[in-house]
Amino acid sequence: MTSVQDVLAVLERAGFERLPKPLTVVGTEFDFEAAARGMNTSHDLVLIATDQVPRRRLQRLVAGLARSLDLAASRRPVSLVLLGGVAASDRIELERYARILPIASSTPDIAEIEEAVAVLLPLKLPNADLVHGGDPVNEVMAVLGPLRATSDHIALIKTAADGPDTVKEALRRYANEGAGWTDEVGDGDE
């Protein structure tokens with residue numbers, strides 16, 4: 001029963017609400033081991049069952065629940081988390097009424113549960129700066145550090161927004177100024 005509670009805990013952290021047992025729909029009681037419903041963005045009805053429930057009985061429960069939800073004109077998608085695995089033939093029969101989310105182990109750890117019910121959980125997107133990198137200008141400025149970032153460096157770095165040719169030209173002018181050269185053509189240069 002601890003695994004059922006672990007699945008419920010994962011779902012509750014994702015915004016699901018635990019439903020009282022037995023689950024009652026249109027006056028009919030369904031004795032699933034646990035059930036939860038999505039509250040915010042998810043509208044799923046999630047049923048939880050272990051391998052302790054005979055598969056024939058589970059098929060009847062899920063089929064009966066589907067009929068009751070149809071009578072209630074419910075539009076909630078139904079998902080069934082199955083702890084302890086399921087035979088292919090049983091799975092095919094259950095998939096007629098619900099999305100099956102099997103967990104092979106009857107005592108899974110939290111990572112296994114989160115992987116199995118991932119389709120029900122909100123997406124966790126990685127930090128955009130980690131995926132695409134941060135602003136390259138800011139990264140260069142961070143590498144330079146505040147002591148080395150002179151006004152000439154900042155002006156040179158800002159030219160990066162205009163493309164590589166602009167940077168080359170700005171760097172050429174910067175180097176020429178440092179060497180005391182000018183771009184002006186003198187009388188003896190030609």
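## Pocket lining and salt bridges

By class, the lining of the largest pocket splits into 8 nonpolar, 2 polar and 2 charged residues (Ala, Val, Leu, Ile, Met, Phe, Trp, Tyr, Cys and Pro count as nonpolar, Asp, Glu, Lys and Arg as charged, and the others, Gly among them, as polar). Keep in mind that this is a predicted model, where local features need pLDDT of at least 70 and side-chain atom pairs count only at pLDDT 80 or more, while totals for chains, interfaces and linings use all residues. Residues are numbered from 1 along each chain as its sequence is written, and side-chain values use heavy atoms, with hydrogens and water left out.

Back to the pocket. A pocket here is an open set of points on a 1 Å grid over the protein atoms alone, where a 1.4 Å probe fits, with protein on both sides within 12 Å along at least five of seven lines; lining residues have an atom within 4 Å of a point. The largest pocket holds about 180 Å³ of space, a volume being the space filled by probe spheres set on the points, which are joined across faces, edges and corners. Its lining includes Leu 19, Pro 20, Pro 22, Arg 37, Leu 45, Ser 74 and Arg 76. Strand β2 (residues 23–25) gives the largest share of that lining, 3 residues (strands are DSSP runs of E, at least two residues, and helices are runs of H or I, at least four, numbered from the N terminus).

Now the charged pairs. The model has 8 salt bridges, each a side-chain nitrogen of Lys or Arg within 4 Å of a carboxyl oxygen of Asp or Glu. Among them are these:

| Pair | N to O distance |
|---|---|
| Glu 12 and Arg 18 | 3.0 Å |
| Asp 44 and Arg 99 | 2.6 Å |
| Arg 173 and Glu 169 | 3.0 Å |

Take Asp 44 and Arg 99, which meet in a salt bridge. Asp 44 sits in the loop between β4 (34–38) and β5 (45–50) and Arg 99 in strand β7 (residues 99–103), so the pair ties together parts that are 55 residues apart in sequence. Asp 44 is buried at 9% relative accessible area (buried means under 20%, exposed over 50%, partly exposed in between, with a 1.4 Å probe and protein chains only), whereas Arg 99 is partly exposed at 34%.

For Glu 12 and Arg 18, both ends are partly exposed: Glu 12 has 34% and Arg 18 has 36%.

Arg 173 and Glu 169 are 4 residues apart in helix α8 (residues 164–179), about one helical turn. Arg 173 is partly exposed at 44%, and Glu 169 is partly exposed at 30%. Together with Arg 172, they are linked in a network of salt bridges.
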